[in-house]
Amino acid sequence: MEIQQPTAERTGRTPEAFRQNIVNNLYYSRGANVQSASAYDIYMALSRTVRNHLVERFRRTVDMRYAVNPRMVYYLSAEYLLGRQLQQNMLYSDTADIAAAAMEGSNFPLQDLLAIDEEPGLGNGGLGRLAACFLDSLATLDIPAVGYGIRYEYGIFRQEFHDGAQVEQPDEWLLLDFPWEFAQPDDMIPVGFGGHTAQHKDDKGRLHVEWRPGEQVMGEPYHMLVPGYGTTTVNFLRLWRARATREFDFRLFDTGDYASAVEHKVHSENISKVLYPNDNTPQGRELRLRQQYFFVACSLRDILQRFQRCGNPIEAFADKVVIQLNDTHPVVAIPELMRLLMDEFGLGWYQAWDITRRTFAYTCHTLMPEALEKWPVHLFERLLPRHMEIIYEINRRFLAEVSVRFPQDYGRLGRMSLIEDGHERQVRMAHLAVVGSFSVNGVAELHSELLKERVFGDFYALWPHKFNNKTNGVTPRRFIRQSNPRLSALVTEQIGDGWLRDLDQLAKLEPKADDAEFRAAWRAVKTANKTDLARIIGNLAGVTVNPDSLYDVMVKRLHEYKRQMLKALHIVTLYNRLRDDPALDIVPRTFIFGAKAAPGYYMAKLIIKLINSIGATINADPLAADRLKVAFLPNFNVTLGEAIYPAANLSEQISLAGKEASGTGNMKLALNGALTIGTYDGANIEILERVGAENFFLFGLRVEEVGALRAAGYRARDYYEADDELRRAIDQIAAGEFADGDPSLFAPIVSSLLDRDEFMVLADYRAYVDCQKQVDRAFRDEEAWTRSSILNAARCGFFSSDRAMRQYAEEIWKVKPLPVK
């Protein structure tokens, strides 16, 4: 890069001005110079230059909000799986071409700088990626909104495989400077824990309660800009870092007790170190509850401060503020808002409760009982004594209301109580969310029905008006335009670029499915994407794969209900068929996995080890050669997903019916032209209804059949004994064929399948394996498969996060767009 002097202009939109601003940021922000700048220096200077273009829009957005004082949406989520920011922010600031021209001829190719960009370690799976898609769409739709979360220093973890087993390493995404955040240490918020409450009466005889915490930490805010696409609006995501009130004890240090001198700092700052600390220990459970309260306490204080800066009276809080709870993690916000309104703003119970219930809306993302969080009462009483008092009172009044509606129905009272009695009394956070919110929504049509029928049936009988469905969606900007530029260019060439803000326009592609020339172009895009992914697989997994093979993809969080184990049994079955008949005519397949297992989830981690062991056996067998390959890519994240989704031929969505709330990987894959093999579960159903049964491979038990089979006394061994191929595959695993002859290694998996099989893997095995034969036949017909691929993308425009956010805004939040001039 030629030597230039820094200047004052920050947002010039010519290549020359942009190049000059990179130099300016190199000098003023990095303290570096062009003669000795490293690639990282240039990356930071480039990122700051792009960010400056967003800052000007952000200023206008903030000015407009304070001038108009609109009703605001606040989105509380424990996770945000944002993905890399540089490429997205260049797209959203319309500086991608300018940046490319500015960097042309330099020693720092733009693609190399994009590769330096770190993915923020703020999420884990679909919940976090959905939150990120929603923030993107809120800004694109000009909805006044702020996201809140925790700035995890080490994310959830960086996954490595050692001898096929998952090993967790710190995700050091903050090791170097992160150019996309703004630290605001002068806005720190104190957060209390423990202590006790005290009561007193004022001179008018009114009772007041004061919480006197036993300890305190500080919440330091950072914010990241969230730009909309094709609009001036820039919202933001505010993330909280835990800081100690006392960082260093000089007296202890001076006496040589160095560890104790920083003990308070370490204890306080553990709160924001890691996403979802292992809660298999009492210490882990306590840390999780500390995290959740820390996050919502900081966020509510911040919301209240912004609300008051606009000159609003506290009585108007629910008219100007709506808070969306993304699953149960932030539900402690309900008693916290009650505490603030009563203890600090002096409101009475009825007025505070009325405001609270008109403020919160709750999204439930699960049907799994263990995911509906519960906290031991004794832990709540010790950590948050005032909040426990408020929860007791909410429960008392609530159960009185239930008794009036359903007199003498003591079983119903026990089921609906916010406090679960038993060996260890627990606070039911999902129940608290339903009671304290004006809206409760599921995230797919089937999921929402099951919430009403099963999970919250008693609450639905009491308040049917609260319940509604809002099917999930994904942003097409990241998951087509950014991750699949070849397909994006082809689509735009055919129908224009309006689909980026109105995904329903993809329907214009449907007639093109019968155009041989367009089908050939579509196939060429897929082949090029598969070739790119083959290189990545070689680099990350050391496996050489055939780009002409069928890319059979299963990338999602590792959980037994998602049934990666069913996929593993299918792979073993195909391998056995090939060994029995080496001349067998099969469609060559590359099985591509990506999944993290929670650190404390032993069975999930063992399934990862098994899949890698099966892969090692097959990949080393010359008999399989280019016909079967298994690649389990480590550390699946947004960046890796952006390489996998565009290359997939087959999308594996094989959860047990009634267990998957929605899924969003199914949407990303379908929009990129993958055909789905799946059960009648979650959003699979809505994809099936839209793309047509002829373009979807459906198999397996339905929800009512699962229930009937379980009620009849499901015996997995009956299926094992009746199916020769299934029995052979399980016996091989049991005998240690994939464990160097060690039968004990995978014995827990075998025992789980044969003795319990909670997620009915064996019951669905034969239907699944037979359905895969249909996949083989279909893939052999190149033209027909391509036609189905095109129709999958063309008919899935419904699954846009823009559509989802528009529904939330209109039907739940009652918030209108506020375009920024």
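The following legends describe close-up views of a predicted model.

View 1. Strand 9 spans residues 215–227. Of its 13 residues, 11 are buried, so strand 9 is largely enclosed by the rest of the structure. In a regular strand the side chains alternate between the two faces of the sheet.

**View 2. The strands that pair with strand 9.** Strand 5, made up of residues 181–183, runs antiparallel to strand 9 and is joined to it by 3 bridges. Within this pairing, Glu-181 has Met-224 of strand 9 as its bridge partner. Strand 6, residues 189–193, is also antiparallel to strand 9, with 5 bridges between them. Here Phe-193 is partnered by Glu-215 of strand 9. Strand 10, residues 234–244, pairs with strand 9 over 11 bridges, again in the antiparallel sense. In that pairing, Gly-219 lies opposite Ala-242 of strand 10.

**View 3. The hairpin of strands 9 and 10.** Between strand 9 and strand 10 there are 6 residues, and the two strands form a hairpin. The turn contains Gly-230, which has a positive phi of about 70°.

View 4. Arg-238 and Asp-302 meet through their side chains in a salt bridge, with an N to O distance of 3.1 Å. This pair links distant parts of the chain, since Arg-238 belongs to strand 10 and Asp-302 to helix 10 (residues 282–309), 64 residues apart. Arg-238 is buried, its relative accessible area being 5%. Asp-302 is likewise buried, at 3%. Side chains of opposite charge can pair when their charged atoms come close.

View 5. The model contains 68 salt bridges. One of them joins Lys-605 to Glu-168, whose closest N and O atoms are 2.9 Å apart. Lys-605 is in helix 24 (residues 602–619) and Glu-168 is in strand 4 (residues 165–169), so that the pair links distant parts of the chain, 437 residues apart. Both partners are partly exposed: Lys-605 has a relative accessibility of 21%, and Glu-168 has a relative accessible area of 27%.

View 6. The side chains of Arg-339 and Glu-336 form a salt bridge at 3.0 Å, N to O. Both residues lie in helix 12 (residues 333–344), where they are 3 residues apart, about one turn of the helix. An α-helix has 3.6 residues a turn, so residues three or four places apart point the same way. Arg-339 counts as buried at 8% relative accessibility, and Glu-336 counts as buried at 1%.

**View 7. Phe-759 and its surroundings.** Phe-759 is found in the loop between helix 31 (747–755) and helix 32 (761–780). With a relative accessibility of 6%, Phe-759 counts as buried. Residues up to four places away in sequence aside, Phe-759 touches Met-368, His-559, Glu-560, Tyr-561, Arg-563, Leu-656 and Lys-659. Leu-656 is 103 residues from Phe-759 along the chain, yet their C-alpha atoms are separated by 5.9 Å.

**View 8. Helix 32.** Helix 32 has 20 residues. From its first C-alpha to its last, helix 32 reaches 28 Å, close to the 28 Å expected at 1.5 Å a residue.

View 9. A disulfide is a covalent bond between the sulfur atoms of two cysteines. The model has 0 disulfides. Cys-364 is in no disulfide, and the nearest cysteine sulfur, that of Cys-133, is 19 Å away. Cys-364 is buried, with a relative accessible area of 0%. For Cys-771, the closest cysteine sulfur is that of Cys-796, and the 17 Å between the two sulfurs is too far for a bond. Cys-771 also counts as buried, at 2% relative accessibility.

Methods. Residues are numbered from 1 along each chain as its sequence is written. This is a predicted model: local features need pLDDT of at least 70, side-chain atom pairs count only at pLDDT 80 or more; totals for chains, interfaces and linings use all residues. Side-chain values use heavy atoms; hydrogens and water are left out. A disulfide is a pair of cysteine sulfur atoms within 2.5 Å. Buried means under 20% relative accessible area, exposed over 50%, partly exposed in between (1.4 Å probe, protein chains only). Helices (H or I, at least four residues) and strands (E, at least two) are DSSP runs, numbered from the N terminus. Two strands pair if DSSP finds at least two bridges between them. A salt bridge is a side-chain nitrogen of Lys or Arg within 4 Å of a carboxyl oxygen of Asp or Glu. Contact means heavy atoms within 4.5 Å. The expected span of a helix is 1.5 Å times one less than its number of residues.
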